[in-house]
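Colleague: I am new to reading models like this one. Could we go through it together with a few questions?

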Amino acid sequence: MAAAVNGGEEREVQKSYWMEHSVELTLEAMMLDSMASHLDKQDTPEV
């Protein structure tokens, strides 16, 4: 039962983190990297 409680707490921590970090819907926010646009420009031609 303790694992379920800790799992529930962990879920809330993770949910809170992503709610905070997904407010701005940008490539940089999604990848958590300020250079994401630059990286995307390099990687897209490979795909």
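Colleague: Thanks! Is W18 buried, partly exposed or exposed?

Modeller: Buried means under 20% relative accessible area, exposed over 50%, and partly exposed in between, with a 1.4 Å probe and protein chains only as cover. W18 has 40% relative accessibility, so W18 counts as partly exposed.

Colleague: Before we go on, what kind of model is this?

Modeller: This is a predicted model, where local features need pLDDT of at least 70, side-chain atom pairs count only at pLDDT 80 or more, and totals for chains, interfaces and linings use all residues. Residues are numbered from 1 along each chain as its sequence is written, and side-chain values use heavy atoms, with hydrogens and water left out. In short, the model is predicted.

Colleague: How many aromatic pairs does a search of the whole structure find?

Modeller: Rings of Phe, Tyr and Trp (its six-membered ring) pair if their centres lie within 6.5 Å. The search of the whole structure gives one aromatic pair.

Colleague: Which kind of pair do Y17 and W18 make?

Modeller: Planes under 30 degrees apart count as stacked, over 60 as edge-to-face and the rest as tilted. The ring centres of Y17 and W18 are 5.0 Å apart and the planes stand at 90°, so the pair is edge-to-face.

Colleague: How many helices and strands does the chain have?

Modeller: Both are DSSP runs numbered from the N terminus: helices are H or I with at least four residues, and strands are E with at least two. The elements run α-α-α from the N terminus on. That makes three helices and zero strands.

Colleague: Is A36 buried or exposed?

Modeller: A36 lies in helix α3. Its relative accessible area is 0%, so A36 is buried.

Colleague: Which residues is A36 in contact with, leaving aside its neighbours within four places in sequence?

Modeller: Contact means heavy atoms within 4.5 Å. With those neighbours set aside, A36 is in contact with L27, E28 and M31.

Colleague: Which residues make the nonpolar surface patch of about 390 Å²?

Modeller: Patch residues have over 30% relative accessible area and no salt bridge; like charges are joined within 9 Å, and nonpolar side chains (Val, Leu, Ile, Met, Phe, Trp, Tyr) within 5 Å. A salt bridge is a side-chain nitrogen of Lys or Arg within 4 Å of a carboxyl oxygen of Asp or Glu, and accessible areas come from the Shrake-Rupley method with a 1.4 Å probe, where for residues only the protein chains shown count as cover. The patch is made by M30, M31, M35 and L39.
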